[in-house]
Amino acid sequence: RFIAINRCTCPTGIKQIDKKDVLNGGLGRGEIGVITAPTGVGKSHFLVHVGSEALKVGKSVIHYTFEISERAVGLRYDSNLCNIPSNEIVERKDEVIKKYEDAELGRLIIKEYPTGSATVTTLRNHIEKVLLKGFVPGLIVIDYADIMRSSRSYDSLRHELKLVYEELRNLSMDMNIPIWTASQANREASNASVVGLENMSEAYGKAMVADVVLSISRKPMEKSTGQGRLFVAKNRAGRDGILFPVHLDTSMSKIT
């Protein structure tokens, strides 16, 4: 018999978001979560943050990157997991190695594809290969779905994007693995105090597919202080419409 409370969740590490009445521990198996924000606000840092939190609780993670190099993503994980600013990782290499030797973490694969080249089928084939090698992911991170290639071409970009998100949801359900990805917010969101579903660029249909949509808003003058707001824009299984003040430390890809 299925027991609803046993969702095998993947925590975000943000305790107010992981609370029982919001995400009930985190993103569940077969669910897709989306972080949306304007350019340069912190979507990629958020994805590294949730990937790192999964590793800390012993889950293995596959992180797909389409814009940032594998090395740069790896540095961000090193920084988050070892509490060392990313610009100091290389010179403190011995310290990083020692921290990993003492830590009990899940396994991490970072896989890079050129922008616009990977389809959901590409990711599915890669996941099936690593499964054959005994690597069982507890979380898939995709940075980010908006720049994936659709399996079918449409006259409208929004229809292609909606299809990509639908295929990602099918992948998540078929593999029984939670997926976190990101979506670009539109230009109007750059100076907005709160980024809502209406600000998801090109395709409101993306929000319809997702189980959870979070947004980060940071006005230009707030970037130097790391201050911002995290908004629960959609939550299929819990409370939404909640706004939290957050601090984003981009030097270590950490959100509190």
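In this briefing, Lys and Arg count as positive and Asp and Glu as negative, whereas His and the chain ends are not counted. On that basis, the protein chain carries 35 positive and 30 negative side chains, and the centres of these two sets are 3 Å apart. The model is a predicted one. Its protein chain comprises seven helices and nine strands.

**Overall dimensions and surface**

- The radius of gyration of the protein chain is 17 Å, which agrees with the value near 18 Å that a compact globule of 256 residues would have.
- Along the principal axes, the C-alpha atoms of the protein chain occupy a box of roughly 50 × 50 × 40 Å.
- Buried residues make up 55% of the 256 residues in the protein chain.
- When contacts between residues at least 6 apart in sequence are considered, 66% of them join residues at least 24 apart.

**Nonpolar cores**

- The largest nonpolar core contains 68 residues, of which Phe46 and Leu168 touch the most other members.
- Helix α2 (residues 43–56) provides the largest share of this core, with six residues.
- Beyond its neighbours within four places in sequence, Phe46 contacts Ile14, Ile35, Trp180, Leu214, Ile216 and Ile255.

**Thr119: a buried loop residue**

- Thr119 is situated in the loop that runs between β3 (108–112) and α5 (120–132).
- The relative accessibility of Thr119 is 9%, and Thr119 therefore counts as buried, the cut-off being under 20% relative accessible area.
- Once residues up to four places away in sequence are set aside, Thr119 touches Met148, Arg149 and Ser150.

**His159: a partly exposed helix residue**

- His159 belongs to helix α6, which spans residues 157–175.
- Because its relative accessible area is 39%, His159 is classed as partly exposed, a class that falls between the buried limit of 20% and the exposed limit of 50%.
- Between His159 and Gly40 the separation is 119 residues in sequence and 25 Å in space, taken from C-alpha to C-alpha.

Methods:
Residues are numbered from 1 along each chain as its sequence is written. This is a predicted model: local features need pLDDT of at least 70, side-chain atom pairs count only at pLDDT 80 or more; totals for chains, interfaces and linings use all residues. Side-chain values use heavy atoms; hydrogens and water are left out. Helices (H or I, at least four residues) and strands (E, at least two) are DSSP runs, numbered from the N terminus. The radius of gyration is taken over C-alpha atoms; the globule rule is 2.2 Å times the number of residues to the power 0.38. Buried means under 20% relative accessible area, exposed over 50%, partly exposed in between (1.4 Å probe, protein chains only). Contact means heavy atoms within 4.5 Å. The place of a charge is taken as NZ of Lys, CZ of Arg, CG of Asp or CD of Glu. A nonpolar core is a set of buried Ala, Val, Leu, Ile, Met, Phe, Trp, Tyr and Cys residues joined through side-chain atoms within 4.5 Å.
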